[in-house]
Amino acid sequence: MKNLNPFNLKNFIKTNYFLPYSKQNITGRDIKSVVKALKNDLITQGEILPRFENEISKKVLSDYSIAVNSATSALHIACLALGLKENDYLWTTPITFVASANCGKYCGAKVDFVDIEPNTGLISIKALEEKLKKAKNENKLPKIIVPVHLCGSSCDMQKIFELSNIYGFSIIEDASHAIGGRYQDFPVGCCKYSDITVFSFHPVKIITSAEGGVAVTNNHNLAEKMRDLRSHCIIRDPKRFKEKSLGLWKYEIQELGYNYRMNELQAALGLSQLKRLEKIINRRNYLYDQYKILLDTLPLKLLDIPKNVYSSLHLAVITLNDETRRENVFSLFRKNNIGVQLHYYPVHLQPIYKKLGFKEGDFPSSEEYSKKAISIPLYPQLKKRDLIRVANLLKKFLD
Ligand SMILES: *Cc1c(COP(=O)(O)O)cnc(C)c1O
């Protein structure tokens with residue numbers, strides 16, 4: 001795919017099939033794995049799930065993995081395990097999927113936001129430092145901060161970790177976009193600078209289990225707590241019983257838990273997909289580099305990827321100069337059967353958060369970003385002609 005000239009008509013094969021911004025990549029081997037799992041005696045709580053969890057831990061270099069039915073559930077049990085309660089604060093960034101904030105609300109906690117760095121879409125360390133200083137004076141320091149690795153690029157975790165040592169908050173990395181990514185040459189998920197990291201296996205994400213997610217950690221107690229919470233807090237180990245064990249039938253429920261389990265079919269699909277992780281990430285990076293070449297001369301910007309980061313490139317986000325332009329490009333793409341998206345409309349401006357007092361102007365960089373950003377298609381199955389189709393459409397409009 002070298003020396004592509006997007007504007008050479010010979011390269012422009014006229015096609016009009018639908019291109020989503022992202023979609024699942026399913027192979028024959030994936031399908032075989034799921035069918036095989038379906039024939040096992042146990043189709044939930046069997047032996048595939050622990051194998052999947054083991055392989056995740058091996059890949060991301062975490063000591064423990066707790067797979068669940070979504071990243072949203074993983075965020076919830078992560079907050080609970082870290083003891084988030086009413087009157088506590090959880091902070092995240094406005095440019096994220098709403099689940100990064102909602103997990104705080106599930107625990108009855110208060111949610112607040114930190115503005116982003118506009119060139120990367122990631123949490124601004126400067127804004128975070130200032131907000132922490134102010135919060136300390138007002139006695140409103142957060143219990144948990146959820147940095148979001150937008151598009152698959154890790155936030156500056158070392159800096160956030162250093163601040164956590166000063167101000168005493170816990171860290172959950174929302175790495176829903178970022179499995180297979182790296183920061184300072186360590187895989188995202190190694191939890192070197194965090195308590196817990198969460199990944200999503202929704203079909204639009206890097207790898208999928210149809211629905212699913214996982215929380216990884218190096219902390220034994222957090223792992224045990226999350227494993228309990230995933231399955232009703234059913235305790236079967238007599239050593240952990242509060243009351244005397246009377247028979248083999250006995251299990252104890254000591255606290256409120258949930259059914260957030262991932263079943264064996266999902267685990268089989270996830271396990272099969274995980275084997276291709278490097279291949280998928282390489283392909284996404286390759287396609288992104290091709291976009292860079294194709295879009296080079298146009299008046300738009302691709303998001304910056306920080307220097308010490310290898311992005312998993314879940315999303316290719318371009319930013320245009322102004323809002324009107326963005327709206328027009330958006331409708332042009334939709335008219336041409338290309339499913340562009342905005343990632344994301346600021347969470348603090350969603351009605352559910354506005355109701356709590358957040359308003360326009362609270363987080364200017366996030367608001368500015370969301371007026372100019374568009375996610376263009378990026379997933380492994382994309383062909384050269386698809387990238388050219390996207391580039392030509394942009395060229396046509398922006399010239
Ligand atoms: C997709 C996503 C989630 C939620 O993932 P589910 O598995 O769909 O629950 C959370 N945070 C971010 C940033 C996401 O993109």
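Modeller: A residue is buried at under 20% relative accessible area, exposed at over 50% and partly exposed in between, with a 1.4 Å probe and protein chains only. By that rule Asp-30 and Arg-276 are both buried. The model is predicted: local features need pLDDT of at least 70 and side-chain atom pairs pLDDT 80 or more, while totals for chains, interfaces and linings use all residues. Residues are numbered from 1 along each chain as its sequence is written, and side-chain values use heavy atoms, without hydrogens and water.

Biologist: What makes Asp-30 and Arg-276 a salt bridge?

Modeller: A salt bridge is a side-chain nitrogen of Lys or Arg within 4 Å of a carboxyl oxygen of Asp or Glu. For Asp-30 and Arg-276 the N to O value is 3.1 Å, so the pair counts as a salt bridge. Asp-30 belongs to helix 1 and Arg-276 to the loop between helix 8 and helix 9, so the bridge ties together parts 246 residues apart in sequence. Helices (H or I, at least four residues) and strands (E, at least two) are DSSP runs numbered from the N terminus.

Biologist: Why is Lys-32 called exposed?

Modeller: Its relative accessible area is 66%, and exposed means over 50%. Lys-32 sits in helix 1 and is part of a positive surface patch with Arg-29, Lys-36, Lys-275 and Lys-279. Patch residues have over 30% relative accessible area and no salt bridge; like charges are joined within 9 Å, and nonpolar side chains (Val, Leu, Ile, Met, Phe, Trp, Tyr) within 5 Å. Helix 1, residues 28-38, contributes the most to this patch, with three residues.

Biologist: Why are Lys-225 and Glu-255 called partly exposed?

Modeller: Lys-225 has a relative accessible area of 25% and Glu-255 has 46%. Both values lie between 20% and 50%, so both residues are partly exposed. The two form a salt bridge, with the closest N and O atoms 3.0 Å apart. Lys-225 is in helix 7 and Glu-255 in the loop between strand 12 and helix 8, so this pair ties together parts 30 residues apart in sequence.

Biologist: How do you know that strand 15 pairs with strand 17?

Modeller: Two strands pair if DSSP finds at least two bridges between them. Strand 15 and strand 17 have four, in the antiparallel sense, so they pair. Ile-318 stands opposite Ile-374 in strand 17. Strand 13 is joined to strand 15 by two bridges, also antiparallel, and there Leu-302 has Ile-318 as its bridge partner.

Terms used. Areas by Shrake-Rupley, 256 points an atom, 1.4 Å probe, with all protein chains shown as cover. Lys, Arg positive; Asp, Glu negative; His and termini not counted. Charge placed at Lys NZ, Arg CZ, Asp CG, Glu CD.
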